[in-house]
Amino acid sequence: MNRKKNILFLFPNYPYLYTLKLQTTFSMSRKEDFLKYQAQTTPFPLLLDIEKAEGCWIYDKSGKKYLDLVAGVSATVLGHSNPIITKAIKDQVDKYMHVMVYGEFIQDAPLELSKLLCNNLPDPLNTAYLVNSGTEAIEGSMKLAKRVTGRGEIIAAKWAYHGNTQGSMSILGNEEQKQKFRPLIPDINFIEFNNIDDLELISESTAAVVLETIQGGAGFIIPKDGYLKKVRERCDKVGALLILDEIQPGFGRTGKLFGFMNFDVVPDILAIGKAMGGGMPVGAFIASEEKMAMLKSEPMLGHITTFGGHPVIAASSLATLKELLKGNYMNEALRKEQLFRKHLNHPEIKEIRGMGLMLAPFFENPEFPVKLMNALMGKGIIVFLLLFEKRALRLSPPLTISDKEIIYACEIINETIGELM
Ligand SMILES: Cc1ncc(COP(=O)(O)O)c(C=O)c1O
């Protein structure tokens with residue numbers, strides 16, 4: 001209040017300036033409150049103050065709009081406030097919300113969702129366990145693998161990211177990130193993604209190999225030369241299960257419903273999340289009915305959750321999946337990839353890794369992507385960084401992004417790279 005009075009006293013004849021100052025005071029205090037009251041994950045959050053979001057655009061409280069090339073990190077696959085999804089959510093809210101913990105009552109949305117998911121997956125992926133997040137999908141997958149095989153060892157990939165709870169963090173492929181949180185779960189070993197020789201490390205003691213189908217945080221690394229098939233063969237040989245983490249590439253982003261469908265391989269357990277919710281928090285792990293049945297006995301309640309399969313979230317997921325299967329989004333993701341590759345052509349971009357609408361332009365200098373991200377934010381374009389690969393930027397827009405929006409974004413990115421060089 002004092003600050004407000006001072007400004008008025010200093011600028012009594014400048015209402016415009018006064019309004020401007022007031023806005024600054026208002027937004028400063030919101031930023032201060034955000035930094036003070038909401039726990040932070042880094043010392044430099046992006047601090048965009050959100051008013052609303054529609055389609056591929058996010059609006060801040062000053063009315064400035066931003067073209068979203070991140071989609072909440074591959075989550076809002078059909079764009080923000082998609083009316084098909086919001087209607088499904090509202091209809092479900094009007095009927096009922098939480099009525100019982102997971103797995104007891106029969107409810108339309110989670111039942112229909114599980115059925116539709118399984119009917120669009122190859123054998124033996126025919127039973128879905130709905131959970132609350134990607135990390136919980138991974139926790140459930142690892143527990144199921146231990147339960148099924150009776151073995152303890154889990155093998156994951158260097159530079160992998162599978163979530164942040166302690167089980168998922170145990171298989172995170174970067175020691176620096178997890179060192180301070182040790183002890184984590186024991187019996188974890190690492191192989192290098194795409195390295196065939198390392199597959200010898202998978203043995204009769206291995207319960208499961210957990211891999212991202214496309215390594216996200218490591219720089220959108222695609223499996224090459226039949227790598228995943230060779231992992232599959234090795235797992236079959238030694239009786240280990242293959243868990244594929246599709247939490248990022250899943251739900252159409254790579255041109256197929258799930259990324260693994262591009263690589264002629266089927267996992268024993270599929271972990272999904274992010275885009276599955278159409279903007280709501282969700283996850284699931286999917287396996288054969290026979291394997292999944294082992295979670296219900298000896299001991300009973302092998303995995304339990306209060307809110308997994310929540311009807312409102314399941315309604316949102318179901319509407320998202322139905323729309324994805326009905327529309328031409330997946331083919332379009334591949335065509336739109338080509339549009340990005342054609343128009344994102346500044347010579348400082350050394351290569352563009354990834355597939356479909358999961359693309360990572362690479363630069364030589366690892367300090368450059370942060371600068372570019374901040375400069376683009378000023379120009380109303382949202383891009384983001386990758387967890388481990390500092391030389392790259394993340395582009396994972398909603399699949400609904402239009403050609404015009406892609407070309408506009410590429411022009412601004414090229415122009416901004418030129419200005420920063
Ligand atoms: C490949 C992968 N697995 C797991 C997760 C964890 O998902 P969540 O943040 O929903 O727990 C993420 C999140 O970024 C991810 O990218």
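1. In the largest nonpolar core of this predicted model, which holds 110 residues, the members that touch the most other members are A208, V209, L241, I243, A284 and F285. A nonpolar core is here a set of buried Ala, Val, Leu, Ile, Met, Phe, Trp, Tyr and Cys residues joined through C-beta atoms within 7 Å, where buried means that 20 or more other C-beta atoms, placed from the backbone, lie within 10 Å of the residue's own.

2. Helix α11 (residues 311–326) gives the most to this core, with 8 residues; helices are DSSP runs of H or I with at least four residues, strands are runs of E with at least two, and both are numbered from the N terminus. Domain 1 (46–75 + 328–420) and domain 2 (83–326) each supply at least three residues to the core, the domain bounds coming from an automatic or database domain assignment.

3. Leaving aside residues up to four places away in sequence, L241 touches A145, V148, T149, A207, A208, C235, D268 and I269, a contact being a pair of residues whose C-beta atoms, placed from the backbone, lie within 7 Å.

4. The C-alpha centres of domain 1 and domain 2 lie 27 Å apart, and 22 residues of domain 1 are in contact with 23 residues of domain 2. On the side of domain 1 that touches domain 2, two or more residues come from each of α12 (329–343), β11 (351–355) and β12 (358–362), and α12 gives the most, with 5 residues.

5. Residues are numbered from 1 along each chain as its sequence is written. The model being predicted, local features need pLDDT of at least 70 and side-chain atom pairs count only at pLDDT 80 or more, whereas totals for chains, interfaces and linings use all residues.

Notes
A residue is buried if 20 or more other C-beta atoms lie within 10 Å of its own, exposed if 12 or fewer, and partly exposed in between; C-beta atoms are placed from the backbone. Two residues are in contact if their C-beta atoms, placed from the backbone, lie within 7 Å.
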